[in-house]
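Here are a few notes to read alongside the model. Take them in order and keep the structure open as you go.

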Amino acid sequence: SRRRDEVLRADAELKRALANARMLEERLSIERREHADALAEADGRTELLARCLESRERQTAEAAMLGEERGRELSGLADILQRSLAQVSHDSIADATLLETQTKELKIAAERRACKPLLVATVSPTDAGENGGEQPPAASP
C-alpha cells in the first residue's frame with residue numbers, strides 16, 4: 001500500500017509536471033508567435049521607413065538639382081541685369097553729355113540772336129554815311 005501511494009503520488013506529480021510543461025509550451029508558443037508577429041511588424045515598419053528614406057533622398061537630390069539650376073538661372077539673370085545697367089548708365093552719360101552740348105549750343109545761338117538786333121539797332125543811317133558806307137566793327141558778344 002505504501003508503494004502504491006508512492007506510485008500514485010509519483011503519477012500525480014508526473015501529471016502535474018506534464019500539465020505544467022504543456023502550459024509552459026503553450027505560453028512559449030504564444031510568446032514565439034507574438035515575437036514573430038512583432039518582428040514581422042518591425043520588418044514592415046523598417047521596410048516602410050527605408051522606402052520613405054529613399055524617397056526623401058530622391059526628393060532632396062531633386063531639390064538640390066533644382067536649386068542649383070535656379071541658382072544658375074538667377075546668376076545669368078544677374079549678369080544680364082548688370083550688363084543692362086551698365087549699358088543704361090553708359091547711355092545716360094552719353095545722353096547727359098549730348099544734352100549738355102545741345103544746351104551750350106542753344107545758349108550760344110540765343111546769345112547770337114539776342115546780340116544781332118542790338119548790332120543792327122546801333123548802326124544808324126547817319127553812322128553809315130560818316131564811315132563812307134561801311135558798318136562799324138561788330139562788337140564781340
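1. A quick definition before we start: helices here are DSSP runs of H or I covering at least four residues, and they are numbered from the N terminus. That is how the label α1 comes about, and helix α1 takes in residues 2-122. Bear in mind that this is a predicted model.

2. The protein chain has 2 helices and 0 strands. How much of the chain is made up of buried residues? The share is 0% of the 141 residues.

3. Now for the charged pairs. How many salt bridges does the structure hold? The count is 5, and three of them are worth a look here, taken one by one below.

4. Start with Lys15 and Asp11, whose side chains meet in a salt bridge at 3.6 Å, N to O. The two residues sit 4 apart in helix α1, so about one helical turn separates them. Is Lys15 buried or exposed? Its relative accessibility is 53%, so Lys15 counts as exposed, because the cut-off for that class is over 50%. Asp11, at 33%, counts as partly exposed.

5. Move along to Glu41 and Arg45. Their side chains also form a salt bridge, with a distance of 2.7 Å from N to O. Both residues belong to helix α1, and a spacing of 4 residues puts them about one turn of the helix apart. Glu41 has a relative accessible area of 47%, so it is partly exposed. Arg45 is partly exposed too, with 47% relative accessibility.

6. Further along, Glu100 pairs with Lys104 in a salt bridge, and their closest N and O atoms are 3.6 Å apart.

7. Last, leave the charges aside and look at the nonpolar side chains. Which residues make a nonpolar surface patch of about 280 Å²? They are Leu74, Leu77 and Ile80. Ile80 is part of helix α1. With 44% relative accessibility, Ile80 counts as partly exposed, so it passes the cut-off of over 30% relative accessible area that patch residues need.

Notes
Residues are numbered from 1 along each chain as its sequence is written. This is a predicted model: local features need pLDDT of at least 70, side-chain atom pairs count only at pLDDT 80 or more; totals for chains, interfaces and linings use all residues. Side-chain values use heavy atoms; hydrogens and water are left out. A salt bridge is a side-chain nitrogen of Lys or Arg within 4 Å of a carboxyl oxygen of Asp or Glu. Buried means under 20% relative accessible area, exposed over 50%, partly exposed in between (1.4 Å probe, protein chains only). Patches are made of residues with over 30% relative accessible area and no salt bridge: like charges are joined within 9 Å, nonpolar side chains (Val, Leu, Ile, Met, Phe, Trp, Tyr) within 5 Å. Accessible areas come from the Shrake-Rupley method with a 1.4 Å probe; for residues, only the protein chains shown count as cover.
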